[in-house]
Amino acid sequence: MPKVKNELLDSISQHIFYTLGKRVDTASTYDFYMALCYAVRDRMMELHLNQLNKSENTKQVAYLSAEFLIGPQLGNNLVNLGIQEEARQALEKYDLTLDEVLEKSEEPGLGNGGLGRLAACYMESLSTLEVPAIGYGIRYKFGIFKQVIADNQQYEVTDNWLHGGWPWELAYPADTRTVGFGGKVEHYTSATDGTYKSRWVPSQIVEGVPYDVLQVGYKNGCNKLRLWRADAKDIFDFGAFNQGDYLGSVEESVRSETISKVLYPNDGTDAGRQLRLKQQFFFVSCSIQDMLVSLTKRRVPVTDFPDYYTLQLNDTHPSIAVAELMRLLIDEHHLDWDTAWSVTSKSIAYTNHTLLPEALEKWDVSMFEELLPRHLEIIYEINERFLQVVRLKYPGDSEMLSKLSIICEDGNKSVRMAHLATVGSHHVNGVAVLHSELVKSQLMPEFYDLWPHKFENVTNGVTPRRWLKSCNQPLAEVLDNAVGPEWVTNMDILRKLEEQQDDSNLLEQIAETKLIGKHKLASYINNNLGVLVDPSSMFDVHVKRIHEYKRQHLKALEVVIQYLRIKNGADYVPRTVIFGGKAAPGYYMAKQIIHFINCLAEVINSDPDMEGKLKVVFLPNYSVKLGELVYPAADLSEQISTAGKEASGTGNMKFQMNGALTIGTLDGANVEIRDLVGEENFFLFGKNEEEIGKLQSDGYYPRNFLNHEIEEALNLIRVGHFSHGNQNIFSDLLENIINYDPFFVLADLEHYVSVQDTVSANWIDRENWYKKSLTNIARSGFFSSDRSIKDYCQKIWKIER
Ligand code: 26Q
């Protein structure tokens, strides 16, 4: 490799010529973007292959997840490799700025929201901490849909992220694995040892082709993601073809390829779909086979599996791993049951991300039997042996048995995947302190009673590289100067900021970085939505998936109340209220909420009385990329879920790191944020989890929580003030809130409005606000995903670093 002054420059021009087949003098900005990506990938490949050699004989983390929401890659890879400046200079030679090249980055939407993004932050931290790891998932041809807002409503457009080629992946067809579906189980007696054995004879065979995506850590290690694409085994069915059925001959290939065609765009329900189970088994089977082959190549006996791999299940989506590892060990590697079970249960751990009953995966036994007959047999056997343990501990307690059983017997018989995951794992963890407590006390109290030692907490974290250093360079530089650049990998250092909290110069610098972020977002809003917003107003932000439990409608009702107050001549501290988020395509109420917010924005933004006081913006197609624009610009972070419903939240942490103050309920990681920053630096409102529980059990009547102001606001909506006089459009939303209100919006609204007044009062005292902001930044170190990964290493994986 030539060692010249700017190696990157050489590498870019070589890739333009040899990889893209173009000449630099006629290459487009997009060509330069692609060439830079390839040049950067080369650097990462060196790091990765070096690390591989080192980790031959150490335990590796296999992070199994149906979603990896990795975001745009180029910008972060440049930052982590420390070659951003070099890239800037190289591009300058071609009269290009780094920003215009970065603009070309396409984001692979291989996840829905928090859970998928968490997996990506964890991959980044694993590399940064040089923990040997591999992320296993699915290479969906279409990621999460693109959200388009028209007539104030959400429309979904397919996300063809691979068109034009995506430079970060590398196919490894030689590592193709085969996966079966359907068919039958044959039982036979082994000719060698005379034991009774089983053999699965599937009726459909699918191939999984791996695509690897390198994930580079900060100036350090480089692990990879291995994403599987489903392919037909024999592309062509010659039987059908010979009979003249040309189209029929490719039918099978279409059926197979459907498996990795599209990400399910629901981050709640939609369990019970056969294709979803096929996706899960497909990637899990490919991944476990991959690990077993790797052991065989290294001449390691499969009984040593737990010393070489620790499997982390990202929710129950990959929980079929328990049965698949058992099957492979018993049917293919001929271990006896007890040995196989010991290997399996020593290797697997499960992270729970939700308490919502509708999000807990259950599969009909009949569907399971049709798709995975051998796995159903194995699950029944696991369950029998497990229930035997239960009977011993609770003799004669049949209620206990039915509560713990992996098979749910009420109604249609079904397999409870959380139970399978818990029985097959050595640890089960929640994702924030409160959530982990609720997992023990509400979700699985019987399991907790049986195996208290299995239950752990690992509070979520986010990577400060993407969510601070790279997306908010002005603030990052202020921090570099104030505490030294080491904060990037040791966020605890940020605590030193507090020694300077009375330094008005530093506070002013922080305020300035915020203003830069707000100007950037304001121009994005103006360019894309044609709405002018004032960067000196408070940017009050609610971005996340649209869900009733996250209560975007609580915020919207508060906005209506403020609108009425302004109309009535009240003083108001100017705010720009910003919403963003996708609704699952089949989630009617969430779509009503989006519709309502957009109608609200339309009326408010065109009302001269609101000028200089209130603006409302709905950012279409919220994504990782938009998040990187939004967090640095936020003054106020809205974390207002019904207490007990948000497992953790991770947006709350990204806002905090970027200096926003939080208004929130005692839910998920908000609890820990508040404990860390102190109650005077957090705007708390609403009922806590216990109070919500009591309200629910005593009988909740939302009408009891109406006051004059709230009634007026609801009335305004009812008469069609925000819907061109149409009284029907929002009737379902109103009905939901007033008569039913499953997420206690009205129970918390009055308090919420009054705490928003406190927020405004605090905003006016600028110095005081930025002091709070500084404290929030200074104490955000705990929410680095580096800390989370260290917790997993110590509490769950037993990996010493
Ligand atoms: C299940 C069955 C069928 C189809 C889809 C699904 C499905 C898909 C995605 C169910 C759930 C999800 C995603 C859940 C999720 O994002 N949970 C969030 O996880 C974050 C990381 O731990 C937490 O911070 C959030 O609180 C939690 O809501």
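Student: How far is an oxygen atom of the ligand from an N or O atom in the side chain of Tyr549?

Tutor: A polar contact is a pair of N or O atoms within 3.5 Å. For Tyr549, the distance from that side chain to a ligand oxygen atom is 3.2 Å. The model is predicted: local features need pLDDT of at least 70, side-chain atom pairs need 80 or more, and totals for chains, interfaces and linings use all residues. Numbering starts from 1 along each chain as its sequence is written, and side-chain values use heavy atoms, without hydrogens or water.

Student: Which atoms of Ala647 lie 3.3 Å from an oxygen atom of the ligand?

Tutor: A backbone N or O atom of Ala647 does. Gly649 also uses a backbone N or O atom, at 2.8 Å from a ligand oxygen. On its own the ligand has 620 Å² of accessible area (Shrake-Rupley, 1.4 Å probe). The protein covers 95% of that area.

Student: How many residues surround the ligand?

Tutor: There are 22 (a heavy atom within 4 Å). Leu115, His353, Asn460, Glu646 and Gly649 are the closest. The shell has six nonpolar, 10 polar and six charged residues (Asp, Glu, Lys and Arg are charged; Gly counts as polar, Tyr and Cys as nonpolar).

Student: Where does the ligand lie relative to domain 2 and domain 3?

Tutor: Domain 2 (57-72 + 107-361 + 426-459 + 790-797) and domain 3 (537-779) both give residues to the shell, so the ligand lies between them. The bounds come from an automatic or database assignment.

Student: What is the volume of the largest cavity?

Tutor: Rolling a water-sized probe over the atoms shows where empty space is left. A cavity is a set of 1 Å grid points where a 1.4 Å probe fits but cannot get out; a pocket is open, with protein on both sides within 12 Å along at least five of seven lines; lining residues have an atom within 4 Å of a point. Volume is the space filled by probe spheres on those points. The largest cavity has about 140 Å³. Its lining has 13 residues, with Gln73, Asn76, Glu124, Gln215 and Arg466 nearest the centre.

Student: How many residues line the second largest pocket?

Tutor: The lining has 34, and Leu52, Gln60, Ile134, Lys224 and Ser294 lie nearest the centre. This pocket holds about 670 Å³ of space. H2 gives the most to the lining, seven residues. The lining has 16 nonpolar, eight polar and 10 charged residues.

Methods. Helices (H or I, at least four residues) and strands (E, at least two) are DSSP runs, numbered from the N terminus. A polar contact is a pair of N or O atoms within 3.5 Å; within protein, one must be able to donate a hydrogen and the other to accept it, and residues adjacent in sequence count only if both atoms are side-chain atoms.
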